[in-house]
Amino acid sequence: MKEFVINRNDAGQRLDKFLSKAVKGLPQSLMYKYIRTKKIKVNRQRTVQNYFLSEGDVIQLFIRDEFFDSPEGDKGALTRIIPKLDIVYEDENIMLLNKRPGVLVHEDSEAKENTLIMHIKAYLVAKGEYDPDAENSFAPALCNRIDRNTGGIVIAAKNAEALRVMNEKIRNNKIRKFYLCLVHGVPKKKSDTMYAYLRKDSANNTVTVRDEKFSGAKEIITAYNVQRTVGKDSLLEVELITGRTHQIRAHMAHIGHPLLGDGKYGINREEKQRGYKYQALYAYKLKFLPDDSDDLLSYLTGKCFMINKNDIWFIRDIKENL
């Protein structure tokens with residue numbers, strides 16, 4: 001038999017959701033069977049799969065040891081890694097980080113340790129704010145994602161409640177997200193709120209944008225204002241009102257103003273010669289909107305966090321080449 005004592009980060013979630021994270025070697029079909037047949041209990045009592053866990057609950061699992069033999073990779077990596085983070089803001093619940101272009105946020109087949117989330121975990125381990133061995137189901141997590149070749153502010157949650165609340169704020173559009181981008185040409189309107197429809201092609205990792213609704217497409221809303229013109233190009237501030245895959249890149253290309261350095265939705269031959277390795281796009285500002293909720297993160301209401309424009313690589317390029 002194995003027991004899990006529910007801690008603060010485990011509490012508030014359904015039993016089946018907790019087990020899917022804490023016992024990764026246990027197939028879902030068997031998990032539900034074991035709950036029904038009382039091989040999985042809570043506080044030594046019969047339970048149900050949708051039971052909501054409270055801090056201090058004790059889960060008993062009368063199942064084979066082999067189900068627990070599914071380690072999550074090398075935890076020793078968290079002590080080997082020397083964290084390299086550009087921290088915009090940090091408190092006891094969240095971190096805002098300036099992710100540089102080219103940095104992967106989560107591991108893939110190529111990068112296992114050298115990812116933003118691994119560096120965040122290593123940083124918190126070194127500070128004594130995260131102990132993987134003391135957690136049953138929670139690990140510090142990112143609340144938003146940015147493409148590998150895009151830079152900007154990424155939000156990380158240090159505890160489960162902060163993760164839940166932040167995800168809810170993002171879902172309810174309580175956070176405004178602003179980007180800077182450098183585009184080819186000069187838009188006819190100095191500012192505009194654009195509406196279109198976007199369909200994702202996961203197999204090719206591309207999207208299609210059209211003005212009229214079409215099969216499989218979702219509405220996108222992108223607002224921009226021209227900050228200044230730079231020769232034949234324009235520096236734009238863009239507010240991402242809906243957050244779809246490649247939305248800014250594809251929407252700007254759709255209206256005839258692809259981003260500099262973007263070989264997927266534009267032609268970046270000249271920019272490559274100038275040394276552009278990435279598309280000229282940066283998530284540089286976050287605003288927390290007024291929110292009536294009295295939650296863990298209510299102290300962020302009304303706050304604005306911003307990366308200095310002069311620290312953005314393509315802004316520096318503009319200045320150097322004027």
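This is a predicted model: local features need pLDDT of at least 70, side-chain atom pairs count only at pLDDT 80 or more; totals for chains, interfaces and linings use all residues.
Is Ser54 buried, partly exposed or exposed, and at what relative accessibility?

Residues are numbered from 1 along each chain as its sequence is written, and side-chain values use heavy atoms, with hydrogens and water left out.

1. Ser54 counts as partly exposed because its relative accessibility is 38%. On this scale, buried means under 20% relative accessible area, exposed means over 50%, and partly exposed falls in between (1.4 Å probe, protein chains only). You will find Ser54 in the loop between β2 (40–42) and β3 (58–61). Helices (H or I, at least four residues) and strands (E, at least two) are DSSP runs, numbered from the N terminus.

2. Now look at what surrounds Ser54. Once its neighbours within four places in sequence are left aside, Ser54 is in contact (heavy atoms within 4.5 Å) with Ile6 and Ala11. Gly12 is 42 residues away from Ser54 along the chain, yet their C-alpha atoms are separated by 6.1 Å.

3. The loop between β2 and β3 also holds Arg44. Its phi is near 60°, a positive value in a residue other than glycine. For background, most residues other than glycine have a negative phi.

4. Asn173 is another residue to look at: it is not a glycine, but has a positive phi of about 55°. Asn173 sits in the loop between α5 (160–171) and β8, and it counts as exposed, with 52% relative accessibility.

5. Helix α6 (residues 247–254) is largely enclosed by the rest of the structure, because 6 of its 8 residues are buried. These are Gln247, Ile248, Arg249, Ala250, His251 and Met252. They pack against β8 (175–184), β9 (191–201), β10 (206–210), β11 (218–230), β12 (233–240) and β13 (281–288). Just after α6 comes Gly256, with a positive phi of about 95°.

6. Follow the chain on to Asn268, in the loop between α6 and α7 (269–273). With 13% relative accessibility, Asn268 counts as buried. A polar atom of its side chain lies 3.5 Å from the backbone oxygen of Gly261. Beyond its neighbours within four places in sequence, Asn268 is in contact with Gly261, Asp262 and Gly263.

Conventions
A polar contact is a pair of N or O atoms within 3.5 Å; within protein, one must be able to donate a hydrogen and the other to accept it, and residues adjacent in sequence count only if both atoms are side-chain atoms.
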